Amino acid sequence: MAYSLDNEVFRGLALYGGMTIVKLAAMAPLTAFFRRTTKAFANAEDTRFFGAKTAEKTKMALIPNDDVERVRRAHLNDLENIIPFILIGLLYVGTNPPVGTAILHFKVFFFSRLLHTLVYVGKIRQPARALCWLTGYGTMLSMAYRLIQAARL
């Protein structure tokens, strides 16, 4: 029953983990939006498709843009954190943790990742981004600790 929606802990992971994955998936269109609005592209063929008719305009459109790079770095950071969270979360569910504690872990991780992106893309000064990251990472480490304690031979 651990990996069934009848299990409240698994249902919590499905909900908050699912929302976290949707947030991760939303980063690609957000990057595309920033590329389009700033006219800063990664490939020459993209610049021509979106209207750069001369070599000079193509060259200018290939110069990295800080706003686009911020979104890309936030996306990369999500990849580095969300995938391990989901994997640890799946194993953590198998330890039969207290429902309230588990749901709190899942909620805190989701909201820390959401805030991390808003702070990163919104250019809010440090230590805001670091605190968001540390909150999510600490949550993941807490789940990993419980998992390792439960799995000791």
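This is a short tour of the chain, one selection at a time.

Before clicking, know that this is a predicted model, where local features need pLDDT of at least 70, side-chain atom pairs count only at pLDDT 80 or more, and totals for chains, interfaces and linings use all residues. Residues are numbered from 1 along each chain as its sequence is written, and side-chain values use heavy atoms, with hydrogens and water left out.

**Whole chain.** Along the principal axes, the C-alpha atoms fill a box of roughly 65 × 35 × 25 Å.

**F85, V93 and F106.** Select these next: they have the most contacts inside the largest nonpolar core, which has 17 residues. Such a core is a set of buried Ala, Val, Leu, Ile, Met, Phe, Trp, Tyr and Cys residues joined through side-chain atoms within 4.5 Å; buried means under 20% relative accessible area, exposed over 50%, and partly exposed in between (1.4 Å probe, protein chains only). Helices α1, α4 (66-93), α5 (99-121) and α6 (128-151) each give two or more residues to this core. Now centre on F106: beyond its neighbours within four places in sequence, its contacts (heavy atoms within 4.5 Å) include V9, Y16, F85 and M143.

**The other core.** Apart from that one lies a core of seven residues, including M27, F34, A40 and V71.

**T31.** Go to helix α1 (residues 8-38) and pick T31. Is T31 buried or exposed? T31 is buried, at 10% relative accessible area. Leaving aside neighbours within four places in sequence, T31 touches V68, V71 and R72.

**Loops.** Most residues other than glycine have a negative phi, and most peptide bonds are trans. Select K39, in the loop between α1 and α2 (44-49): its phi is positive, about 55°, and K39 counts as exposed at 52% relative accessibility. Then jump to the loop between α5 and α6, where K123 sits. Phi of K123 is near 60°, and K123 is partly exposed at 46%. Stay in that loop for P127; a cis peptide bond joins Q126 and P127, with omega about 15°.

Note on methods. Helix = DSSP H or I, 4+ residues; strand = E, 2+ residues; numbered from the N terminus.
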